[in-house]
Amino acid sequence: MTSVRLGAGAGYAGDRIEPALELAEHGALDYLVFECLAERTIALAQQARLRDPAAGYDPLLEARMRAVLAPCRRNGTRIVTNMGAANPLAAAERTRAIARDLGLAGLKVAAVTGDDVLEVLGAGDYGILETGGRVRDLGNRVISANAYLGAGPIAEALARGADVVITGRVGDPALFLAPLIHAFGWRMDDWDRLGRGTLAGHLLECAGQVTGGYFADPGVKDVAGLARLGFPIGIVDEDGGIEITKVPGSGGEVTLATCKEQLLYEVHDPARYLQPDVVADFSHVTIEALGPDRVRVTGGRGLPATGLLKVSVGLIDSYIGEGQISYAGPGAAARGRLALDIVRERLDLTGVRASELRFDLIGVDALHGPGLAGEAEPYEVRIRVAGRCDSLGEAARIGNEVETLYTNGPAGGGGAWKSAREVVGVLSVLVPSALARPSVRMFEA
């Protein structure tokens, strides 16, 4: 095989399904990859699994599989995804059932497990990267601990004939790297090729970002057809060079600029992009436009893996109470500011206990603060008061005070909304890679 065609079917859990179907039907793909697992997503999935042992995988798994399984089978396209989240086995079982419903006899589904290292973490004494504290000091607030696995077990599943591979937590680029390892027979110590494969995965993993979605900025970086944005296709050669394109006629664009922005997205040190399988080096990358919506990226390198795996630790962080209400017409901003002053004083008078509070005029100072607020008087504003508390009951009091502005002033408030919710936080830990024990289980429709 001289090249492999990879399609990015999703860049996050709630992503659009139509572009993935377009890829499945018209992308002439070898592999369709769905990257759906953000940092906090898996902790929330673990909570769902605790409530229901059959849950804990991506809520859109069924809709996605029903959309793409048949065209992928028809076109010889294999699927790789981390939609298994906290429960890859249940996700694989559900995918097998969907395949049966669709009449896809013989479809092979693999579940990759072993990323759940909660017991391992509990048995050791590990430092928290963000705070310098220790995991053991978090006590019963910890609800999950999932290690970022590498491409190895995915490649193993493909070698065992899987048509669909479903994982939990893995390094995002590993979802794309594994098919390349399998197709080209790359060694797991061929660091430069692994680095280039990681580069390919990094460019594709956020789907519509590299085809102009997150890139678009009207009047500065105009992109046409965003309502039917096409997701990217990566054509990777056996040395790891990648050509990025999309389905002809789909919306968006693939340009030098979109690829450069994605190359740097979420990268701290381009010369040391730490992944489970390799330390990738993007510092010598060359990007070349080949034509409309065709860009070639080469020059990635790699260094030996660190022997450590990052672990995302999910924990009950706190409770957030929030309230909002809108004001419009002459003096809207002044009434909004008065409303914020009233709530600020009310929270003090009534003794609401919050470790953190913020008072925002949405559209005026909510994102960058009052120092960058413009001088023009807005016709309408919406206030938001939010606070972090130690209990759900205390958090609820914040929204209640905002709601009382309806009849207690200022004039003309409307559209009040309030909420109180538990907040799941995420912290990071490094563990020796040998402590994670990945395994592959096969299912057949």
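**Reading loops, contacts and charge pairs**

Author: Start with alanine 207, which lies in the loop between helix H8 (191–204) and strand E7. Helices (H or I, at least four residues) and strands (E, at least two) are DSSP runs, numbered from the N terminus. The model is predicted, so local features need pLDDT of at least 70 and side-chain atom pairs pLDDT 80 or more, while totals for chains, interfaces and linings use all residues. Residues are numbered from 1 along each chain as its sequence is written, and side-chain values use heavy atoms, with hydrogens and water left out.

Reader: What is the phi of alanine 207?

Author: Most residues other than glycine have a negative phi, and most peptide bonds are trans. Alanine 207 is not a glycine, yet its phi is positive, about 55°. With a relative accessible area of 0%, alanine 207 is buried. Here buried means under 20% relative accessible area, exposed over 50%, and partly exposed in between (1.4 Å probe, protein chains only).

Reader: Which loop holds glutamate 266?

Author: Glutamate 266 is in the loop between helix H9 (256–264) and strand E9 (273–274). Its phi is also positive, near 60°, in a residue other than glycine. Glutamate 266 has a relative accessible area of 56%, so it counts as exposed. For a glycine with positive phi, look at glycine 185, near 70°, which follows helix H7.

Reader: Where is the cis peptide bond?

Author: The cis bond joins glycine 409 and proline 410, with omega about 0°. Proline 410 sits in the loop between helix H12 (405–408) and strand E17.

Reader: How many residues of helix H7 are buried?

Author: Helix H7 (residues 174–184) has 9 of its 11 residues buried, and is mostly covered. Among them are Phe176, Leu177, Leu180, Ile181 and Phe184.

Reader: What does valine 236 touch?

Author: Contact means heavy atoms within 4.5 Å. Leaving aside residues up to four places away in sequence, valine 236 touches Thr2, Ser3, Val4, Leu6, Leu180, Phe184, Ala200, Gly241 and Ile242. Leu180 and Phe184 are among the buried residues of H7. Valine 236 lies in strand E7 (residues 232–237) and counts as buried because its relative accessibility is 0%. From valine 236 to alanine 434 is 198 residues in sequence and 30 Å in space, C-alpha to C-alpha.

Reader: How many salt bridges are there?

Author: A salt bridge is a side-chain nitrogen of Lys or Arg within 4 Å of a carboxyl oxygen of Asp or Glu. The whole structure has 28. One of them joins glutamate 39 and lysine 310, at 3.3 Å from N to O. That pair links distant parts of the chain, 271 residues apart: glutamate 39 is in the loop between strand E2 (31–34) and helix H2 (41–51), and lysine 310 is in strand E14 (residues 308–328). Glutamate 39 is partly exposed at 33% relative accessible area, and lysine 310 is partly exposed at 31%.

Reader: Which helix holds arginine 96 and glutamate 93?

Author: An α-helix has 3.6 residues a turn, so residues three or four places apart point the same way. Arginine 96 and glutamate 93 both lie in helix H4 (residues 88–101), 3 residues apart, about one turn. Their side chains meet in a salt bridge of 2.7 Å, N to O. Arginine 96 is buried at 18% relative accessibility, whereas glutamate 93 is partly exposed at 34%.

Reader: Are arginine 64 and aspartate 58 buried or exposed?

Author: Arginine 64 and aspartate 58 are both buried. Their side chains form a salt bridge at 3.6 Å, N to O. Elsewhere in the salt-bridge list, Glu62, Arg66, Arg94 and Asp101 are linked in a network.

Reader: Which charged residues sit over rings?

Author: A charge sits over a ring if NZ of Lys or CZ of Arg is within 6 Å of the ring centre and within 35 degrees of the ring normal. Lysine 221 lies over the face of phenylalanine 215, 4.4 Å from the ring centre. Arginine 344 has its charged end over the ring of phenylalanine 359, 4.2 Å from the centre.

Reader: How many aromatic pairs are counted?

Author: Rings of Phe, Tyr and Trp (its six-membered ring) pair if their centres lie within 6.5 Å; planes under 30 degrees apart are stacked, over 60 edge-to-face, and the rest tilted. The count is 3 aromatic pairs. Tyrosine 273 and phenylalanine 282 have ring centres 5.2 Å apart and planes at 45°, so the pair is tilted. Both tyrosine 273 and phenylalanine 282 are buried.
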